[in-house]
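Trainee: Please walk me through this model, feature by feature. I would like the general idea before each case.

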Amino acid sequence: MAYSKIKLPASATIILLFGFVLLSLQLMSSATQESSELGEMYSWLLVINTLGSVILLGLVAFNAYSLVRELKKKEAGSRLTTRMVSLFVLLALAPAAIVFYFSVQFLHQGIDSWFNVEIDRAMDDALELSQSSLNQRMTWHIKQTKQMADQLRDKSEALIAMEVGSLWADSGALEIAVFSNQGRVLASSSVNPSDILPHLPDEQIWLLLRQNKEYFAFDPGDNDEMLVRIIVAIEADQSRFLQVLFPIPVRVTDLADSIEFAFIRYQEMNFLRDSLKTSFSLILLLVLLLSLLAAIWVAFISIRNIVAPVKELVKGTQAVADGDYQQQLPVMNQDDLGFLVESFNQMTRRIARSRDETRAAGLEVENQRAYLETILANLTAGVISFDAAFYIRTANQAAYRILHIPVSHFVGETLPTLATMHSELADVLNAIQSLLEKADDIWEQRIVFLGPNGRQELLCRGTPLFSQHGARTGAVVVFDDVTDLIQAQKNAAWGEVARRLAHEIKNPLTPIQLSAERLQHKLSKELQDGSAVFLQRGTRTIVQQVEAMKRMVDDFSEYARPSKKQVEKINLVDLIQEVMALYLPSGIIFSTAFASDRVLVEADPVSLRQVLHNLIKNAQEATTVPCRIEIKIAKVSRNNTDYVELGIYDNGNGLNAEQLETIFDPYVTSKAKGTGLGLAIVKKIVEEHGGVIWVDTSYNDGAGFLLQLPVFEFGNFK
Amino acid sequence: MLCLQLAPGLVKASDYAARIDYAELQHTDHGYTVQTHIDYRLSPTAKEALHKGVRLTWEVTIELRQPGVLWDTRIHNRKLTYSLQFHALLNQYVVQTPFDRSEMFLTLSAAMNFMAAVHDSTPIPAELLSADKPYLLAVKTQFNRELLPIPLRPVAYLDNRWFLSSVWYTWPIQK
């Protein structure tokens, strides 16, 4: 904008501007003086001042227009500028208008006071008096001239020439001349001997002379003197004329001139009265306009300069409000506004520093949170956090692995809601919910439930969370699947039992058997037939039971002894089909569903064959009706590892809930002759091969077992 | 002697603008002299100002031009200033001629007639004019507002009753 392009300092501009205004007005004021040499420049000065006013008006209008635009755009500082400019204009305009009004009034009254009827009359009277005086002199000279003409009448030209000299001497005239009606000079006499020719009348005088036969008038003479020219006819036929030039005394001439000058001056002033008023009013108006417009324009510049820091402050504040804390405003002046700007700069610097610190702290917190989340995600224990109303806030990956449901997808839900969606987990979830609601302190409890992978035992530890003011803010539940751990402990215990049994029981069996056989050998010949038979029957029973006990102890030993695996790559499908072929004669009806005909696993074929035998025999023994066994092979992935999942389902009586809990424990059997080690050995072998086995509780048409083994290669699907 | 064709151009004048009735070149022994007649018309306001003592001044400009394609070339220029004033004491009109001479007249019409008949006795050298080229004689009279009393000047520029000047009148000069 225009004001922003001004290079000069505002104060210099203001001084220059007012200097020009004052100079121009002073020149115009001087030009109004009649005596001033500037009078010739009056019109130009008037035009220059008017142009100056127009230019200033344009500048003011432009500034006002700019201000209105800024107001419409709601630019920073525009309202303050408008308020200050309005106030200044009001304060400047009101007294200026009052001064102008009264100045014009005084001016008009002053000019009017110069003129009144008495002065008019006095001036007229003075002029008339002068004219009367001159006319009286004129009348006297006319009479005198006529007397001289009478003396010359009817005389010859020679006599006239002789008398003209004496007449001139007696009359006191400057010049006497007699000329014919043709203008020929007949005689003349003058006070100045050098004047050879008299002052003859011009054409205008001749015209009047011929009309009126006489002529008299005042003539301007040489050297600013005034003359009376009187011409009368000497003869009745106007053949000859007498012209006499009488001088007017210098004193009379001066007085008459003075009166005439004053009269004319007064008349002129009276005539110019309205023009004077208009002219002075115009000058006053120009003075007012120039001063006011210059002041308003300067006010615009000054106020904008004053408001500039405020404007910058408003912009800076808006920038800070928008989050830009790097705002540093220039300190233009070391005044109060400069102090304010400096304070603003300090404030933004502090805010920026605080923001950076807060951001760094937030980043640190975020890093910590991410770190904790990473730790939580990699924990083997499941962690679920709850808010005060026991809605799930977070859950880690292990929770999904343990519970087999994506708990993290249920953030914002409660455990009972989760239980309704997953009925198989209803027991454990409701149990945890109950504990959460009741506990006021850290609690720990083992919870056993029947999950999708069979019986599971969770070790749960809950911690209620409180705020600094003691209000409950939520809780954290940490749980771990200790099923395998418990099972391992049990297995170890059973292994120890078996080892001790083998050691403590098997050792005495051999002497018992030998002793019985020796008794039979020694006494059978000495005893009678009846007693000998009895002895034989007794010793045979002892030997048979000892043998039975030995086999049982061997089985225990087998179970307790670590297996010596001969691991090799075998095709599980081929192995299953081999085992199935052995049982076909027994009438078992097999059905298979293999996802591939080539499933290589690294395993001991003998052990794996025993697993299959045990499971099939177990199904065969549990079935009274024609036995149907369905064998399925599928590929599953768990923890980024591929497994082959082998399912064996029968159509037997199935397993009740009590059996499910102890089905893989040793010495657990529902059969009269069973040792209860079949499934325990199966589980032991599967786990020694890195696999898992569990009862498929979702199968209700009999008993179903699912076992997973790491697969080396899984062929294409059929 | 060169004969002059008096054919004034079309002009637009205000009600009281002066008009140039005719202008002619007269051949003398020393060259050419210009004679013209101007019809001055005073508005009532101008007459009132005159009788109240205001001096009225006109500047008669006489130019000899050679017509050109884009503009005319001025080959001679002469300015003659006449002023008219009322002498209240003698009740006469005084005309100040450009030849430093004052003439007094009993009537306004006589004074105006005197001013109307302009004869510029200062000769234009005959060498300035070539017989085979066309020329224009241009005359105008300019009322000098700047010699009016100062308070009257702004009004004189705005009030057409003070528009007493003539426009340019031109006459082609032919042999």
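**Reading the model**

Mentor: Start at a loop: Lys213(A) sits between helix H6 (203–212) and S3 of chain A. Helices here are DSSP runs of H or I with at least four residues, strands are runs of E with at least two, and both are numbered from the N terminus. This is a predicted model, in which local features need pLDDT of at least 70 and side-chain atom pairs count only at pLDDT 80 or more, while totals for chains, interfaces and linings use all residues. Residues are numbered from 1 along each chain as its sequence is written, and chains are lettered from A and ligands numbered from 1 in the order in which they are written.

Trainee: What is the phi of Lys213(A)?

Mentor: Most residues other than glycine have a negative phi. Lys213(A) has a positive one, near 65 degrees. Lys213(A) counts as partly exposed because 13 other C-beta atoms lie within 10 Å. The cut-offs: 20 or more other C-beta atoms within 10 Å is buried, 12 or fewer is exposed, and in between is partly exposed, with C-beta atoms placed from the backbone.

Trainee: Where does Asn91(B) lie?

Mentor: Asn91(B) is in the loop between strand S4 (73–87) and strand S5 (92–96) of chain B. Its phi is also positive, near 55 degrees. Asn91(B) is exposed, since 11 other C-beta atoms are within 10 Å.

Trainee: How many helices and strands does chain B have?

Mentor: Chain B has 3 helices and 9 strands. Read from the N terminus, the order is β-β-α-β-β-β-β-α-β-β-α-β. Of the 175 residues in chain B, 30% are buried.

Trainee: Which strands form the open sheet of 3 strands in chain B?

Mentor: Strands of a sheet pair through backbone hydrogen bonds, either parallel or antiparallel. In chain B the order is S1-S2-S7, with antiparallel pairing. Pairing requires at least two DSSP bridges between two strands. Strand S1 (19–28) and strand S7 (117–124) of chain B are at the edges with a single partner strand each, so one side of each has no neighbour in the sheet. Strand S2 (residues 31–39) of chain B is joined to S7(B) by 5 bridges. One pairing sets His37(B) against Ala117(B) in S7(B).

Trainee: Which side chains of strand S13 (residues 599–603) of chain A are buried?

Mentor: In a regular strand the side chains alternate between the two faces of the sheet. In S13(A), Val599(A), Val601(A) and Ala603(A) point to one face and are buried. Strand S11 (residues 568–571) of chain A runs antiparallel to S13(A), with 4 bridges. There, Asn571(A) is opposite Leu600(A). Strand S18 (residues 713–714) of chain A also pairs with S13(A) in the antiparallel sense, over 2 bridges. In S18(A), Glu713(A) is opposite Leu600(A).

Trainee: At what angle do H2(A) and H8(A) pack?

Mentor: Two packed helices are described by the angle between their axes and the distance between the axes. For H2(A) and H8(A), the angle is about 30 degrees and the axes are 9 Å apart. Axes are lines fitted to C-alpha atoms over the stretch in contact, and angles run from 0 to 180 degrees between N-to-C directions. The residues of this contact comprise 12 nonpolar, 5 polar and no charged. Nonpolar means Ala, Val, Leu, Ile, Met, Phe, Trp, Tyr, Cys and Pro; charged means Asp, Glu, Lys and Arg; the others, Gly among them, are polar.

Trainee: How many residues of chain A are in contact with chain B?

Mentor: 28 residues of chain A contact 19 residues of chain B. Contact means C-beta atoms, placed from the backbone, within 7 Å. H7(A) gives the largest share of the chain A side, 9 residues. By class, that side has 13 nonpolar, 11 polar and 4 charged residues.

Trainee: Which residues have the most contacts inside the largest nonpolar core?

Mentor: In soluble globular proteins, nonpolar side chains tend to be buried together. A nonpolar core is a set of buried Ala, Val, Leu, Ile, Met, Phe, Trp, Tyr and Cys residues joined through C-beta atoms within 7 Å. The largest has 48 residues, with Ala23(B), Leu137(B) and Val139(B) making the most contacts inside it. Helix H7 (residues 250–271) of chain A gives the most to this core, 6 residues. A second, separate core has 45 residues, including Val644(A) and Phe705(A).

How values were computed:
Two residues are in contact if their C-beta atoms, placed from the backbone, lie within 7 Å.
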